[in-house]
Amino acid sequence: SLYSVFTVLFIYFTCISTVQTTDCLHLREQCINAGNGCESVWNMVEDACNISVLGNRCKAEDTVGCNRIIQVLADECPEFKNCVCTTDNICSIMTLLGKRCSINKDNISMETKLQWSLSALSKQVYTTNRSCLDVNRECVEDEVCNKQLSLYLKVCSVNKKCNVEGCQAAIGSFYQNMPSEVAQMMIFCDCIQHDESCHRAKELLHGKPCAITVVPPPSCLNVIHMCEENELCREKYATFRSKCWRHVTEKCYNDDACLETLIKDDMPCSANADCKAAYISNWGTMLHMECTCQNLPPVEQPLCELFHHMLHSKSCFS
């Protein structure tokens with residue numbers, strides 16, 4: 001069996017240096033350079049887990065064979081445990097990728113923010129009612145912005161099959177690593193009704209259709225429920241609610257009179273800097289997806305409309 005093959009291989013595998021380190025990347029480098037068979041095992045980890053360069057591709061197929069070799073690695077070489085096992089002693093490739101990819105993302109984020117500090121756009125102060133066509137043109141003419149925009153559009157291109165998750169991740173990275181004033185300039189730009197060039201520019205800047213348009217569109221209730229089941233999205237939604245919609249309490253969710261009052265009064269949000277930052281942080285998550293309240297039972301309509309207003313109304317930012 002796959003397990004016995006891996007176990008036999010480990011008979012020839014002497015654990016790497018006993019120097020204690022919890023740096024997973026450093027442990028891997030020690031393993032590769034040890035010259036004692038460890039490198040071949042790592043190659044098998046990468047092959048079995050369907051990842052070409054460990055850490056560069058932050059997603060792996062969580063196969064039985066992959067996690068078997070990860071478990072053997074943890075059993076044979078306890079120094080790897082911190083990298084591949086949770087505190088509950090459940091060992092899997094996802095634990096390692098989670099740690100490694102968060103390091104990658106932090107490094108990428110710091111590098112990107114450093115590049116943005118050299119951009120002329122980073123000196124701009126956000127003003128309302130900017131044309132998306134003008135904003136797009138300014139970005140393309142700026143070396144730093146154009147480079148970041150190109151990276152994002154490469155993932156979200158309409159010329160190939162849309163990878164929704166990949167495109168959402170690219171949007172999140174694009175907007176959350178740029179200066180706040182530039183993000184607001186792009187996210188809150190708009191177009192007059194019949195300006196087709198402007199509307200095309202707006203779709204590019206806002207990730208449409210790949211990241212936000214699903215056919216048929218989900219109900220806004222489903223979007224919130226899906227978000228609540230995802231740890232990262234749940235945290236962002238909680239921050240968004242607390243910063244923008246503090247007065248909208250869950251007690252109101254099951255109170256029709258309360259819901260009708262909120263919606264009828266156009267339910268103002270706080271619209272301060274923290275609220276804007278929380279709204280921008282939603283971009284790149286399922287909260288940014290278009291949703292609908294059509295074809296729902298009448299009893300679910302008021303709550304759905306509340307969620308739609310909270311997620312997609314720009315009234316408090318204009």
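The torsion about the S-S bond of C139 and C145 comes out at about -95°, so this disulfide (a pair of cysteine sulfur atoms within 2.5 Å) is left-handed. The two sulfur atoms sit 2.0 Å apart. C139 has 0% relative accessibility and therefore counts as buried (under 20% relative accessible area, with exposed over 50% and partly exposed in between, for a 1.4 Å probe and protein chains only); C145, also at 0%, is buried too. The model is a predicted one, where local features need pLDDT of at least 70 and side-chain atom pairs count only at pLDDT 80 or more, while totals for chains, interfaces and linings use all residues. Residues are numbered from 1 along each chain as its sequence is written, and side-chain values use heavy atoms, leaving out hydrogens and water.

In total, the structure holds 8 disulfides. One of them joins C156 and C167, with the sulfur atoms 2.0 Å apart; here the S-S torsion is about 115°, so the bond is right-handed. C156 lies in the loop between helix 8 (143-155) and helix 9 (164-176), and C167 in helix 9, so the pair ties together parts 11 residues apart in sequence. Helices are DSSP runs (H or I, at least four residues), numbered from the N terminus. Both C156 and C167 are buried.

C293 and C304 make another disulfide, at a sulfur separation of 2.2 Å, and a torsion of about -95° makes it left-handed. C293 sits in the loop between helix 15 (273-282) and helix 16, whereas C304 belongs to helix 16. The buried residues of helix 16 include C304, L306 and F307.

Note on methods. Helix = DSSP H or I, 4+ residues; strand = E, 2+ residues; numbered from the N terminus.
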